[in-house]
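This briefing goes through one protein chain, topic by topic. Please keep the sequence and the 3D view open while reading.

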Amino acid sequence: MADPRRWQIGLVGYGEVGRILAEDLRQQDIKVAAYDIKLGGEQGASLKQHAAKFGVVLAGSHAELTAKSDFIVSAVTASQAVPVAKACAAAINQGTWFLDFNSASPGAKQRAAALIDGAAGRYVEGAVMTSVPPYRIKVPLLLGGPGAKELAPLLNAIGFAAKFASDKLGVSSAVKMCRSIMIKGLEAMVIESFTTARAYGVEDAVLASLAETFPGINWEKQGAYFFQRVIEHGRRRAEEVREVAETVREAGLTPWSAQGTAERQAWVADLADEGLFGARGTREFARSTDWRTEADRILAKINRAK
């Protein structure tokens with residue numbers, strides 16, 4: 001369809017990003033359907049409740065969702081980007097747009113594109129350039145691939161903030177991945193630095209030194225935010241940074257920094273899954289405005305294990 005407001009939009013992945021997109025699209029009375037493998041698990045009830053509240057139709061499989069969609073957004077974990085493309089390619093209709101929202105390496109995006117395009121769909125890679133929640137559907141989005149220039153104005157007509165980057169697949173993802181080396185790495189370094197400083201009782205001196213060197217950053221506030229995001233989304237971030245590491249390898253370098261970042265993010269995710277930071281799903285989880293609260297929890301666990 002030429003008019004994107006008349007599209008039947010299918011969301012593969014009904015996590016935080018999928019639900020935000022669904023809410024903003026439904027506010028425009030655009031038809032939205034979704035599928036998530038978690039619908040059959042312990043999170044299924046809350047996902048179904050959200051869908052009912054916003055008028056989102058839930059599909060029973062990738063194929064069911066794909067066959068009924070004019071435009072598909074894949075917003076899953078990084079490791080599932082290619083498997084989801086394969087699952088959707090089996091049922092995609094000719095000419096259906098497939099926007100890959102996932103934080104995957106250029107090589108993974110190219111493999112996903114081959115599956116979708118080979119089934120007569122229209123694959124476009126999307127690189128989400130910052131955290132989605134503050135911007136919601138208007139999060140800065142770089143598009144790449146042969147159909148990217150055509151898709152960009154269609155997306156912007158329904159509220160996205162999409163920008164054409166290149167007609168070559170992999171360019172947008174390379175921008176995203178290289179940025180993530182810094183951003184996700186900084187998150188991991190802050191957690192490691194601040195928690196270690198807290199253990200030695202030198203956090204005030206460390207923060208003062210950082211403020212002198214980087215006066216444009218509020219390290220107290222930024223530190224709390226980094227702890228919050230990694231505690232809540234460390235598992236997804238670890239998967240993304242493993243894709244970052246693959247991107248570095250594809251360039252011919254050894255991803256020493258990215259590998260360490262992935263390990264630290266996954267380590268925090270493990271602690272969160274153990275309940276160290278409270279119960280997931282509660283209003284207090286990963287919302288402490290003082291990073292010291294979370295650092296002390298980590299240190300207490302380490303000391304108990306000695």
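At what angle do helix H8 (residues 171-200) and helix H11 (residues 256-273) pack, and how far apart are their axes? In this predicted model, H8 and H11 pack at an angle of about 60°, and their axes are 9 Å apart. The points below begin with the chain, then return to this pair and go on to other elements.

**The chain as a whole**

- The secondary structure of the protein chain consists of 12 helices and eight strands.
- The chain has a radius of gyration of 20 Å, close to the 19 Å that the globule rule gives for 306 residues, so it is as compact as a globular protein of that length.
- Along the principal axes, the C-alpha atoms fill a box of roughly 60 × 45 × 35 Å.
- Of the 306 residues in the chain, 50% are buried.
- Counting contacts between residues at least 6 apart in sequence, 67% join residues at least 24 apart.

**Helices H8 and H11**

- Two numbers describe a pair of packed helices: the angle between their axes and the distance between the axes.
- With an angle of about 60°, H8 and H11 are oblique to each other.
- The crossing of these two helices, H8 and H11, is left-handed.
- On the H8 side, the residues that meet H11 are Lys184, Gly185, Glu187, Ala188, Ile191 and Glu192.
- On the H11 side, the residues are Thr261, Arg264, Gln265 and Val268.
- The residues of this contact between H8 and H11 divide into three nonpolar, three polar and four charged.

**Two residues in that contact**

- Lys184 is placed in helix H8, and with a relative accessibility of 6% it counts as buried.
- Leaving out residues up to four places away in sequence, Lys184 touches Arg237, Glu240, Val241, Thr261 and Gln265.
- Thr261 is found in helix H11, and its relative accessible area of 8% makes it buried as well.
- With residues up to four places away in sequence again left out, Thr261 touches Lys184, Gly185, Ala188 and Val241.
- Val241 is therefore among the residues touched by Lys184 and among those touched by Thr261.

**Helices H4 and H5**

- Helix H4 (residues 81-89) and helix H5 (residues 106-118) pack at an angle of about 5°, with 8 Å between their axes.
- This angle makes H4 roughly parallel to H5.
- H4 contributes Ala81, Val82, Ala85, Lys86, Cys88 and Ala89 to the contact, while H5 contributes Ala108, Arg111, Ala112, Leu115 and Ile116.
- Nine of the residues in the contact of H4 with H5 are nonpolar, none are polar and two are charged.

- The buried residues of H1 are Val17, Gly18, Ile20, Leu21, Ala22, Glu23, Asp24 and Leu25.
- These buried residues pack against strand S1 (8-12), strand S2 (31-35), helix H2 (44-54), S4 and helix H6 (132-135).

**A loop residue**

- Lys68 lies in the loop that runs between helix H3 (62-67) and strand S4 (71-74).
- Is Lys68 buried or exposed? Lys68 has a relative accessible area of 59%, so it is exposed.
- From C-alpha to C-alpha, Lys68 and Ala45 are 24 Å apart in space, and they are 23 residues apart in sequence.

Conventions
Residues are numbered from 1 along each chain as its sequence is written. This is a predicted model: local features need pLDDT of at least 70, side-chain atom pairs count only at pLDDT 80 or more; totals for chains, interfaces and linings use all residues. Side-chain values use heavy atoms; hydrogens and water are left out. Axes are lines fitted to C-alpha atoms, for helices over the stretch in contact, and angles run from 0 to 180 degrees between N-to-C directions. Helices (H or I, at least four residues) and strands (E, at least two) are DSSP runs, numbered from the N terminus. Angles under 35 degrees count as roughly parallel, over 145 as roughly antiparallel, 65 to 115 as roughly perpendicular and the rest as oblique. A crossing is left-handed if the near helix is turned anticlockwise from the far one by less than a right angle, and right-handed if clockwise. Contact means heavy atoms within 4.5 Å. Ala, Val, Leu, Ile, Met, Phe, Trp, Tyr, Cys and Pro count as nonpolar, Asp, Glu, Lys and Arg as charged, and the others, Gly among them, as polar. The radius of gyration is taken over C-alpha atoms; the globule rule is 2.2 Å times the number of residues to the power 0.38. Buried means under 20% relative accessible area, exposed over 50%, partly exposed in between (1.4 Å probe, protein chains only).
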